[in-house]
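Have the structure open as you read.

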Amino acid sequence: MRRKSLTQFLVEQQREHESLPGQLRLLLEVVARACKRIGYTVNQAGTDGLLGDEGAINVQGEAQKRLDVMANEMLLEANEWGGHLAAMASEEMDTIHPVPNRYPMGEYLMMFDPIDGSSNVDVALSVGTIFSVVEAPADISGRTPTEADFLMPGRRQVAAGYALYGPQTLLVLSVGTGVYEFSLDRTMGAWELTGENLRIPKGKREFAINMSNRRHWSEPVRSYIDDCMAGKDGPLGHDYGMRWTGSMVADIHRILKRGGVFMYPWDSRNPNAAGKLRLLYEANPMGFLIEQAGGLAYEENHTILDIQPQALHQRVGVTMGDRDEVERILGYFEA
Ligand code: AHG
Ligand code: MN
Ligand code: MN
Ligand code: MN
């Protein structure tokens, strides 16, 4: 049976839910097309000589990969002419990118991580792209957008998603009506609906965390992970598995499909910058998807989506995934 295309899915969502206005539908189609182009570029990077470092340090203090910069350009280029966005922000750009004056301004703002898991790109492991969409402040058309316009809690997102460039090339997104997965059919270059209303499977005892940071964690995190490591004879009475892929997109996709919990918690190396992951274009969009799929997304004992951002590249501690497992972890913070 023919699978639904992304376009058919979005047209039907628009018909059923007024929460999908035409401009947002166009934005999602444009982002999907840009992610397809990024996916092809990532897959061809070895033969096309596009691996390796750009030779620049980004605002995060990270060495940029060439693909970080190329994917960022592809997303800017794809989205600035359409009239659906007022401005964009990215992990790879110091400050915001208002839509150039030669194009009409739209009513949305988009934040993105063009290549998530960059350290994987030179060793042929999965990477992704993450995007988050909010409605711009009503008065934005009469002025130049500012960083402050982007500083909204993640609860205000109207759409979020990721592309995963792995053994399959996938697009997973939500417009607030559940989580939907599309697979790229390379013969036609078309995104086809392969997963509807994804729900995090319960009961998978598997955690994703970078264990090498253990000495830097807070006591509650250390004791939870130690209890997981103690297995079925320990306080949690279960053996736990562990996975860590180096790409949040890949880890979160696995959690959406087979359960478990993902953690990149606060660590003492940089006490003011809670954790490594960025709130606006990693934790918020992924937290939106996790909640839409029945899970929980917390920083220590408060929900990520309700954090009021203070800065564009603000970092946050992250615990998200299976509802029961996150609640179990919350118990360690209350103990
Ligand atoms: P990015 O490549 O966009 O900078 O993000 C990498 C993030 C996230 O994707 C991943 O879960 C985490 O960094 C891995 O961190 P470690 O290398 O410290 O394990
Ligand atoms: Mn990075
Ligand atoms: Mn990232
Ligand atoms: Mn990145």
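## Polar contacts

A polar contact is a pair of N or O atoms within 3.5 Å. Keep in mind that the model you are viewing is a predicted one. In it, a polar atom in the side chain of Tyr264 sits 2.6 Å from an oxygen atom of ligand 1. Lys276 also takes part: an N or O atom of its side chain is 3.0 Å from an oxygen atom of ligand 1. For Glu282, the distance from a polar side-chain atom to a ligand 1 oxygen is 3.3 Å.

How much of ligand 1 does the protein cover? On its own, ligand 1 has 480 Å² of accessible area, and the protein covers 87% of that.

## The shell around the ligand

Now look at the neighbours. Ligand 1 is surrounded by 18 residues, and Asp116, Gly117, Ser118, Met248 and Tyr264 are the closest. By type, the shell holds 7 charged, 6 nonpolar and 5 polar residues.

Three strands each supply at least two shell residues: E5 (108-116), E13 (261-264) and E14 (277-278). Strand E5 gives the most, with 3 residues.

## Where the ligand sits

Ligand 1 takes up the space of the largest pocket. Why does ligand 1 lie between domain 1 and domain 2? Domain 1 (6-195) and domain 2 (206-334) both give residues to its shell, so ligand 1 lies between them.

Key
Residues are numbered from 1 along each chain as its sequence is written. Chains are lettered from A and ligands numbered from 1 in the order in which they are written. This is a predicted model: local features need pLDDT of at least 70, side-chain atom pairs count only at pLDDT 80 or more; totals for chains, interfaces and linings use all residues. Side-chain values use heavy atoms; hydrogens and water are left out. A residue is near a molecule or strand if one of its heavy atoms lies within 4 Å of it. A polar contact is a pair of N or O atoms within 3.5 Å; within protein, one must be able to donate a hydrogen and the other to accept it, and residues adjacent in sequence count only if both atoms are side-chain atoms. Accessible areas come from the Shrake-Rupley method with a 1.4 Å probe; for residues, only the protein chains shown count as cover. On a 1 Å grid over the protein atoms alone, a cavity is a set of points where a 1.4 Å probe fits but cannot get out, and a pocket is an open set with protein on both sides within 12 Å along at least five of seven lines; lining residues have an atom within 4 Å of a point. A molecule sits in a cavity or pocket if more than half of its atoms lie within 2 Å of its grid points. Helices (H or I, at least four residues) and strands (E, at least two) are DSSP runs, numbered from the N terminus. Ala, Val, Leu, Ile, Met, Phe, Trp, Tyr, Cys and Pro count as nonpolar, Asp, Glu, Lys and Arg as charged, and the others, Gly among them, as polar. Domain bounds come from an automatic or database domain assignment.
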